[in-house]
Amino acid sequence: MDFSILITNFWSLGLDGIVVGAIYALISLGYTLVYGVLRLINFAHSEIFMIGTMSAYFVILQFGFTGYEDPLPLLEFVGIFLLLATVSAIVSGGSAVLLEIVAYRRLRIMKASRLSSLISAIGASFVLVEVFRVMTDSKNLDFPRLINKDPFFTWGTLYLSADKVLVIVGAAIIFLILNRIINHTKLGLGIRAVSQDERTAILMGVNVNRIISYTFLLGGVLAGVGSAFYMVFYETTKSNVGFLVGISAFTAAVLGGIGNVKGALYGSFALGLVQQYTSAVLGYNWRDVVTFVILVLVLLIKPTGLFGEALQKARV
Amino acid sequence: MSGIKASSLNLRNKFGDWWEGANAAQRTIFRIVVIGVFFALPMINNPIIDTPETSFTSVLFYPLIMFSLMAIGLNVVVGKSGILDLGYVAFFAIGAYTHAVMSIHTPLNFWEILPFAMAFAMLAGVILGLPALRLRGDYLAIITLGFGEIVRIVAVNTEAIGGAAGITDIPGPSSVFGIEFTVMDPRTYYWLTLTLLLLVIWGVLRLSHRKPGRAWEAIREDEDVAEFMGVATLKYKLWAFIIGGAVGGLAGAIYASQIRSIQPEMFTLNLSIMILACVVFGGMGNIWGVILGAVILGYIPEKLRFLSDYRIIFFGLLMVVMMNIRPNGLLPRQKREKFQEKSK
Amino acid sequence: MTKKLLEVQDILVNFGGVTALNKVNLHVNEGEIAALIGPNGAGKTTVFNIVTGYYTPTSGNVIVDGESMLGLRPYQIARKGLGRTFQNIRLFGDMTAVENVATAADSLNKSGLVGSLFGVPRSRRDEAASMEKAHELLKFIGLEHRALQMAKNLPYGDQRRLEIARALALNPKVLLLDEPAAGFNPQEKVELGQLIRKIRDRGFAVLLIEHDMSLVMEISDRVSVLDFGQKIAEGTPAEIQNNQRVIDAYLGVAEDAS
């Protein structure tokens, strides 16, 4: 265990933790929103994210960048990024809606057991991963460098680069928009109503099927935007990228309190930071084990997470 | 689709009627015949059932009988007790590695190692189960998934047991009753596994028709109410894990002894999912359905080799489709309303 | 001195910010049929959930036949002598009727897996005893002809009765019935009343949650009334029917209540 790296790079690790946390947040919101309305963990949400990365890759491919050019000028970059984010958002959002219809809807109507829904979700998840694995021939897909990542501001060991700023600022904007949607629109009201009490919501005239579709759409869109950030930041993807990123995002949602939007945010940043710091000390290989341990600990000790209420007994 | 359902139900009912009417002698003869057929399978040399690329006898061993054995084990956990375990491959891996390591580093032979392989897998079941089984379904499923992955990651990162390269030159079972176990001939392994499978089936059936079986099913049906009715749910869930683990470990040890070299990448999440698909497809909780599922799902990708690359897609789709159309599987656990008590 | 088989002492239950039960005191005497009534949301089912160990009260005690149940898990409390039914029928749907009852009967013996697997004499005896008891209870309740049918396929009335048989298999000191008459027509309610009396005569004390006042008043020895988590009255059916507070809170004028 090497604490020296941790100490010297404390702030830069912290910054990276926030950046990674922001990306996780965009994905974990999908888990938490769907859980809120369905009381079900959307296992295949990680693949919705993966699909977003794939569509971002596909878009970039059309531009013919080889990755060896100079990074783009700022304005051009912003334009292209917005395009990426929009396309990914649409593709992921649409995939999410389709996923709900194919894998979940019928089971919900039939009031099938929880076990059945889980199995259907897992099946869907596997199908998606495998389809893309076959399509991409199991290869890593690399993104060209679109933006100049040289740090434009340093403070000690803290390096502030454009891509990090992009993620943080972009995510913040998204969260503000989301907050508006959840708290100040009819859709948000519907989502909150169904999350709290589906039966009453129905009695109040809420079209639950539509709300659920919109919730999936919203989660998918967020994941899609997150995937665009992911691609700019990490510059690579493959068919099973969803697995590890998904576990992290899911853990973040549970840590914050699944079903709770605020919780998903805090949980994501907290997890991002913990991951960075523990990686510095224990080494990168153990990052996912640490994440998993956190998940287990939260579920065993405080299943409602930091902010969640006992939506349903997590403990039997 | 409903035509198939109707005719298979008819077939089943007809069989059920016959079974009910048959006396002990007739039933025993039937059992002997069926078992005999399974034993005779490796002898069949028919181009119709032959599998391209791998010999039929090899396929009989893996995946057919291996999947069947593991599916029976997983069935106790998922099918009977309703606990979604996504990390079943962990028990398989532990059994395999136990045999691999012990056969090389200790003077014990396969038969002597077998109990250890099962014991370690059972222990793993307890270690996983004690914390995990207190959690509700979705969370439990994720924990089990993580467990399966962690076992694999540990195997990759532990040089003492071969690391990513795995272990090679694993000896096979020493001969018993004059029967040699060579690499070239999968038939002996098949027969060995078949024998053990029959033993396991016997054991599971015995448990199913008595208190443990009722407790497990009650847990699956409504765990809270099972508790209200005095069932010590945690204890029985743990037992389900232990039994599932024992069977998985058994399968793993045999597998390692046949294939003679193992690597961590053989024990992936995909395998857990495939076994789960067998249970789901065949009929959750129903032993015969599960075996049927294992046989079909094991055989088809081998027979139709072009499917092989898309095997996982096939399994995944199958799971989604089955849950939506026929959640109870091909042979649902339909208790025969008339004969249930007689055949025990 | 009548023995108190079940005592609910000063039970306080806070869920989040809501006080579901506010220092409630109840008891059930040996050989009696006690009823618990009150408007929806008054906390009646919560009492059952507390008493059977599903929730832990914020404070207070539950005593069964002189023994405190605090800290015990539901399955332990079930074995100590509390059997219950549920407002929404919760049978083991994919199990047969006799299996449903046998599962509860099983809880009374100590046979384990190993014994069952190897067929040791004690396990064999326990198995036979469980099945015999299950059949006997089905006969008692009038469902013997349904023994091998799947619980989910039974008609509604039979399902309700099966739940009762299952709870009885625990040899409970007190049988807790949660709205057993829901969905019954008047004739069925009469039969249910007779069944409950038959159960009492066999030696089980009964605590009944019900909305059907004619049934309650007809068969109960004692009635407790809950409103907003508090007990507002307790007494004989006659006393309760004339209690102004109860009338205001719940019964309305006598004719309406049924």
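Facing away from the buried side of α7(C), you will find the exposed residues Q187(C), Q194(C), K198(C) and D201(C). Exposed means that 12 or fewer other C-beta atoms, placed from the backbone, lie within 10 Å of a residue's own; buried means 20 or more, and partly exposed lies in between. Helices (H or I, at least four residues) and strands (E, at least two) are DSSP runs, numbered from the N terminus.

This is a predicted model: local features need pLDDT of at least 70, side-chain atom pairs count only at pLDDT 80 or more, and totals for chains, interfaces and linings use all residues. Residues are numbered from 1 along each chain as its sequence is written, while chains are lettered from A and ligands numbered from 1 in the order in which they are written.

The buried residues in α7(C) are L192(C), G193(C), I196(C) and I199(C). Seen down the helix axis, the buried residues of α7(C) fall within an arc of 125 degrees (taken from the directions from the axis to the C-beta atoms), so they line one face of the helix. These elements of chain C are among those covering them:

| Element | Residues |
|---|---|
| β3 | 33–37 |
| α6 | 156–168 |
| β7 | 174–178 |
| β8 | 205–209 |
| α8 | 213–219 |

Just after α7(C), G203(C) has a positive phi of about 115 degrees.

Now for chains A and B. Their contact (C-beta atoms, placed from the backbone, within 7 Å) takes 29 residues from chain A and 31 residues from chain B. On the side of chain A that touches chain B, α5(A) gives the largest share, 14 residues.

Definitions and conventions:
Two residues are in contact if their C-beta atoms, placed from the backbone, lie within 7 Å.
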